[in-house]
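Student: Hi! Could you show me how to read a protein model, one feature at a time?

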Amino acid sequence: AVPNPPQADARAQSHADLQALKARVRGGHGLWHPDSPIALLDHLRRSDPRRLERLLVHAGSLPPWLARQVPYVLLVAAGSALDAGRADEALARIQAGLAAFRRGNEPDDIFGLVAAATLVAVAQALLGRTEHMHAALAEAELAAVQLGSHGEPYHSSARVLVALGWSKALLARGQVSAALRTLQAHVASEVPSIDRDVRRHLAVLQFAAGHHGQAAAGFVDVLGRDRAASDRVGEAVSLRHLCEIARYFGDWREVVRSAESLLPLLQNLGHVRDEARVFQTLAEAAADQGRVSESLQSGERAVQLFRQVGDQASEGQSLLRRGQIRLERSQLIEAAVDFSTAHKLGIALGHADLEHGGLHGLGRAALAQGELGKARGRMPWTLGAFGAGALSMIGVPPFCGFFSNQFSNLMGNRRSL
């Protein structure tokens, strides 16, 4: 059968990329040369991850002439998976490359170990494995020290990579202030791609710390650098955060404009999880503007995409927000379904916030329907607090209202005397 034109074009492009890679390998350029094979692979990872994946598939079991570059090929492939938020896949891809870097003694091998170990640390942090994260970062720091005798740009770039790895890992653990302090001393690098990564992550940290004005300025600066370097992955990160900043400032038009530019880019990159986050931002911005129908439509799309990538925690959070909007719109049955699903996800994940939020939402839905008995069963502590407050207000002992009432009467009697 004759392949359709898009398939034929993709195969031709993959074949051309493989030939270009072969020419660069034969050129014998070092790690830092712009015409090195690693530079080509990293450019594909940043500009067109799907094209990189097609190249790796087209290469098959990897030809002999590429054998020396295999660890870096695995490193770039793992980085592409981590860019898309697939931490498990990134760890699976990097293991063989990590072992090869450990066996090497050349500066390129040691630097590759630094890059691979920091990638492992960030992936482990995203998966909540703190001990593995610290072990990987310790290995990266030791390798960076070994590069001290090999001059530049090895030593300084390795130190910046370690600081960046620590900062990303701390951010994944929710320690924003510590992540910011770790990176602030390393705001520049001789290697343009690493320098952009540092500047971009610094803006991400400022956003996470609530410094939205500084973060916006940082993202605008690095966005221009990313576009000049055709770094589409970095461009998508900056645009997504600028979209969220616009939502924070209540700029609905800027949110929509950013989303219209960002969604096609994320679809081309294959970053489904980030696409879901953009739809969630749209849903929240529309709700802030009172555009309920648009909010529900965007929220539904976000839930579908989170479900597609298996991100159950984010799916549950989206369901809670959508349930809240439906509750305010008196769509009580639909709201109860959202809260119930979020509650079940919370139980399955051991996620206390989801479990409590789902129960609380179910109780509110039951109250709105006038079913006080169901609300008492689903949110007993909340209704108990309401009951205690009511008894205190009417002065029933031993609640505080009784004593304050008696004290007021006593003071009134003293004044009358």
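Student: Let me begin with a loop. Where is Ser230 found?

Tutor: Welcome! Keep in mind that this is a predicted model. Ser230 sits in the loop between H11 and H12.

Student: What is the value of phi at Ser230?

Tutor: Phi is near 55 degrees there, which is a positive value in a residue other than glycine.

Student: Is Ser230 buried, exposed or partly exposed?

Tutor: Residues under 20% relative accessible area are called buried, those over 50% exposed, and those in between partly exposed. Ser230 has 35% relative accessibility, so it counts as partly exposed.

Student: Which loop holds Ser330, and what is its phi?

Tutor: Ser330 lies in the loop between helix H16 (312–328) and helix H17 (332–349). Its phi is near 65 degrees, again positive in a residue other than glycine. With a relative accessible area of 57%, Ser330 is exposed.

Student: Now for helices. How is the packing of two helices described?

Tutor: Two packed helices are described by the angle between their axes and by the distance between those axes.

Student: At what angle do H12 and H13 pack?

Tutor: Helix H12 (residues 232–248) and helix H13 (residues 252–269) pack at about 150 degrees, with 9 Å between their axes. H12 and H13 are therefore roughly antiparallel, and the crossing of this pair is left-handed.

Student: Let's turn to the surface. Which residues form a nonpolar patch?

Tutor: Leu391, Met393 and Ile394 form one on the surface, and together they have about 360 Å² of accessible area. Look at Ile394 in particular: this residue is in the loop between helix H20 (380–393) and helix H21 (400–416). Ile394 is exposed, because its relative accessible area is 64%.

Student: One last thing, about distance. How far apart are Thr130 and His58 in sequence and in space?

Tutor: They are 72 residues apart in sequence, and 37 Å apart in space from C-alpha to C-alpha. Thr130 belongs to helix H7 (residues 130–146). At 28% relative accessibility, Thr130 counts as partly exposed.

Technical notes. Residues numbered from 1 in each chain as written. Predicted model: local features only at pLDDT ≥ 70, side-chain atom pairs only at ≥ 80, totals over all residues. Heavy atoms only, no water. Patch = residues over 30% accessible without salt bridge, like charges linked within 9 Å, V, L, I, M, F, W, Y side chains within 5 Å. Areas by Shrake-Rupley, 256 points an atom, 1.4 Å probe, with all protein chains shown as cover. Salt bridge = Lys/Arg side-chain N within 4 Å of Asp/Glu carboxyl O. Helix = DSSP H or I, 4+ residues; strand = E, 2+ residues; numbered from the N terminus. Buried < 20%, exposed > 50% of the residue type's maximum accessible area, 1.4 Å probe, protein only. Axes fitted to C-alpha atoms, helices over the stretch in contact; angles between N-to-C directions. Parallel < 35°, antiparallel > 145°, perpendicular 65-115°, else oblique. Left-handed = near helix turned anticlockwise from the far one by under 90°.
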